[in-house]
Amino acid sequence: MHKWIMSGVFFAACALAIVLMFTLPGKEEVAEEAKPTMPEVAMDAGQAEALVKANCITCHGDQLQGGVGPALANIGSKDDVEKIYSTIIKGKGGMPSFKDKLKDEEIANIAMWLAEKK
């Protein structure tokens with residue numbers, strides 16, 4: 001009797017594993033879903049600089065030279081605008097997410113402004 005119960009549990013576990021294998025999303029699908037979409041905006045350098053001064057200089061320095069956070073003075077030569085936007089939206093390491101603090105358009109404006117820093 002005990003063998004039949006154990007073989008039934010084993011069969012059920014195998015069936016569940018097969019179902020999950022074919023229904024769960026793949027690694028590529030999960031990565032695509034996690035990537036935020038940047039809205040199209042016209043860059044306003046003055047507004048972007050003001051937003052950076054109000055939100056970023058505490059960690060990244062008043063000249064974007066770095067401090068608690070990494071230097072952003074040349075970030076555009078390392079990362080493209082989409083990656084910068086994604087980092088601001090989601091946060092990274094000790095950096096908090098700004099998606100609830102700033103509007104998506106403001107974050108896109110900052111990302112475009114930072115992407116020009118080469």
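Trainee: Before we start, what are the ground rules?

Mentor: The model is predicted, so local features need pLDDT of at least 70 and side-chain atom pairs count only at pLDDT 80 or more, while totals for chains, interfaces and linings use all residues. Residues are numbered from 1 along each chain as its sequence is written, and side-chain values use heavy atoms, with hydrogens and water left out.

Trainee: Which residues does UniProt list for "binding site"?

Mentor: UniProt positions use the numbering used here, feature names are shortened, and annotations may be inferred rather than shown by experiment. The unreviewed entry gives Cys 56, Cys 59, His 60 and Met 95. They are spread over 40 residues of sequence yet cluster in space, with a largest C-alpha distance of 10.3 Å. Cys 56, Cys 59, His 60 and Met 95 also belong to the lining of the largest pocket. A pocket here is an open set of points on a 1 Å grid over the protein atoms alone, where a 1.4 Å probe fits, with protein on both sides within 12 Å along at least five of seven lines; lining residues have an atom within 4 Å of a point.

Trainee: Is His 60 buried or exposed?

Mentor: Buried means under 20% relative accessible area, exposed over 50%, and partly exposed in between (1.4 Å probe, protein chains only). His 60 has 10% relative accessibility, so it counts as buried. It lies in helix 4; helices are DSSP runs (H or I, at least four residues), numbered from the N terminus. Contact means heavy atoms within 4.5 Å. Leaving aside neighbours within four places in sequence, His 60 has contacts including Gln 65, Pro 70 and Met 95.

Trainee: And where is Cys 56 found?

Mentor: Cys 56 sits in the loop between helix 3 (45-55) and helix 4 (57-60). Cys 56 is buried too, at 14% relative accessible area.

Trainee: At what angle do helix 5 and helix 6 pack?

Mentor: Axes are lines fitted to C-alpha atoms, for helices over the stretch in contact, and angles run from 0 to 180 degrees between N-to-C directions. Helix 5 (residues 81-90) and helix 6 (residues 104-115) pack at about 135 degrees, with axes 8 Å apart. That makes helix 5 oblique to helix 6, given that under 35 degrees is roughly parallel, over 145 roughly antiparallel, 65 to 115 roughly perpendicular and the rest oblique. Among the contact residues are Ile 84 and Ile 88 of helix 5, and Ile 107 and Ala 111 of helix 6.

How values were computed. Helices (H or I, at least four residues) and strands (E, at least two) are DSSP runs, numbered from the N terminus.
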